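Please look over the model shown here before reading on. The note below takes up the interface, the sheet and the salt bridges in turn.

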Amino acid sequence: MSKLPVTESDLHAYVDGALAEARRAEVEAYVASHPEDAERVAAYRQQNAALRALYDPVLDESVPERIGVRRPRGAGPTLRYAAVVAWIALGGVIGWHLQAYRTGAAPEPVGWARQAAIAHATYSPEVRHPVEVPAEQETHLVNWLSKRLGTKVKVPYLGEIGYALVGGRLLPGDSGPVAQFMYQDTKGQRLTLYLRTNRDDTRETAFRFAQENNVGVFYWIDRNLGYALSGEIDKQELLRVATTVYRQLNP
Amino acid sequence: MSDYEPRIEQHIPRLRRYARALTGERTAADDLVQDTLERAWVKLRLWRPGSDLRAWLFTVMHNVYVNQVRARVSQPPMIHDDEAAYLPDRPRQSDMLEVRDLDVALKGLPEEQREVLLLVALEQLSYDEAARVLGIPIGTVMSRLSRARERLRRIMAGMPEGAGLRIIK
């Protein structure tokens, strides 16, 4: 039986009871023959106990009245309340700025969102060459696009809501290379996610919606990247996917 | 959606415990808890159903706390480097006194070390959970935990810091 050397991390995992039984026994034997480490282990255990002794009483205090989840004001019956809550929670992600969406008339996309819609219209009907790098080589795809965009990109996983990754490609953008990921559902309906590096000072924006012919686009900026999700599907469905994408990128 | 309210509220006592240890003050701690709850409520959409709500609430609290600490730029700087010495000004005579000194000694830790130590030792999160809550690699959790514990041990024992710390690889 070959024993691994005992590391600093092992000592802490030993203190916290986080080691598997076999390893625990090995570390215990090591500690028994190393007085200095034994002293540290004992001190760290005492710290754990002292911290709980000092702060556990907080658990039994009655919670001050000012502490609590704030109910939205003016909430009526349960159903309406639920709707209000759902809307507010959604607002956390998309803001209350879906002006275009609410008034019904979607504006035409401008700038990079339009580029995204055009790229969608160009590549999504492709039968033989929809992507440059297929989903089977996802790691390569991510590394390659991260390198070309000069920032780490992530591919959202949309399998849970019925969209599988087809793959991705590199495209020219107005301010450097951009990436396009393509997804499709079991009926072959395709969505594309367009990523560009964000050079403005804007750190974050709400979701915005625009429409170019039949292609709907939800786009937003999150830190150093701008995202545009395009598809020829119902706005609600596209919003649902966009929300999932956002959540995947901000776990 | 409405049943999230009791689900969040059941975690309030633990959020208060962590906040109390983190800030060292009752009022500041409860302010932090309230800010966390408000932010969590707005960001609830970002929580993935099925994942650990408590860990997610700690994540929200961490983000709120970091922003608050950053906002305190005009206040005297915290101790940032590991070399800065902190010595208790009186000997300890009883266990009670020692526990109270722990409160003070905790403040001698840099923020990021204190957070890791409290999540692991007090809240008993796994190293993996702590890494996710703080948004740092697990190796960073381990090194901060190691530094925090050793620093705290030296403060409590009235030992000078820096000397004699042996990290075995």
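The numbered points below describe this structure.

1. Basis. This is a predicted model, in which local features need pLDDT of at least 70 and side-chain atom pairs count only at pLDDT 80 or more, while totals for chains, interfaces and linings use all residues. Residues are numbered from 1 along each chain as its sequence is written, chains are lettered from A and ligands numbered from 1 in the order in which they are written, and side-chain values use heavy atoms, with hydrogens and water left out.

2. Extent of the interface. Chain A brings 53 residues into contact with 50 residues of chain B; contact means heavy atoms within 4.5 Å. About 4900 Å² is buried between the two chains, and carbon and sulfur atoms give 59% of that area. Buried area is the accessible area (1.4 Å probe) that two parts lose on being put together, summed over both. Within chain A, the residues that lose the most area to chain B are Tyr55(A), Val69(A) and Arg247(A), together 14% of what that side buries.

3. Polar links across the interface. There are 16 residue pairs in polar contact between chain A and chain B, both residues at pLDDT 80 or more. A polar contact is a pair of N or O atoms within 3.5 Å; within protein, one must be able to donate a hydrogen and the other to accept it, and residues adjacent in sequence count only if both atoms are side-chain atoms.

4. Makeup of the chain A side. The elements giving two or more residues to the side that touches chain B are α1 (8-15), α3 (35-55), α4 (57-60), α5 (78-94) and α9 (235-249) of chain A. Of these, α3(A) gives the most, with 14 residues. Helices (H or I, at least four residues) and strands (E, at least two) are DSSP runs, numbered from the N terminus.

5. Salt bridges. Glu39(A) and Arg153(B) form one, at 3.6 Å from N to O. Inside chain A, Arg24(A) pairs with Glu28(A), the closest N and O atoms being 3.1 Å apart. Both residues lie in helix α2 (residues 21-32) of chain A, four residues apart, about one turn of the helix.

6. The sheet. Seven strands of chain A form an open antiparallel sheet in the order β1-β2-β3-β4-β7-β6-β5. Two strands pair if DSSP finds at least two bridges between them. The edge strands β1 (133-134) and β5 (208-212) of chain A each pair on one side only.

7. Two hairpins. Nine bridges join β2 (residues 164-173) of chain A to β3 (residues 176-184) of chain A, and this hairpin has two residues between its strands. Leu165(A) has Tyr183(A) as its bridge partner, and Gly173(A) has Gly176(A). Six bridges join β3(A) to β4(A), with Ala179(A) opposite Leu195(A). Here five residues lie between the strands, and Gly188(A) in the turn has a positive phi of about 90°.

Definitions and conventions: A salt bridge is a side-chain nitrogen of Lys or Arg within 4 Å of a carboxyl oxygen of Asp or Glu.
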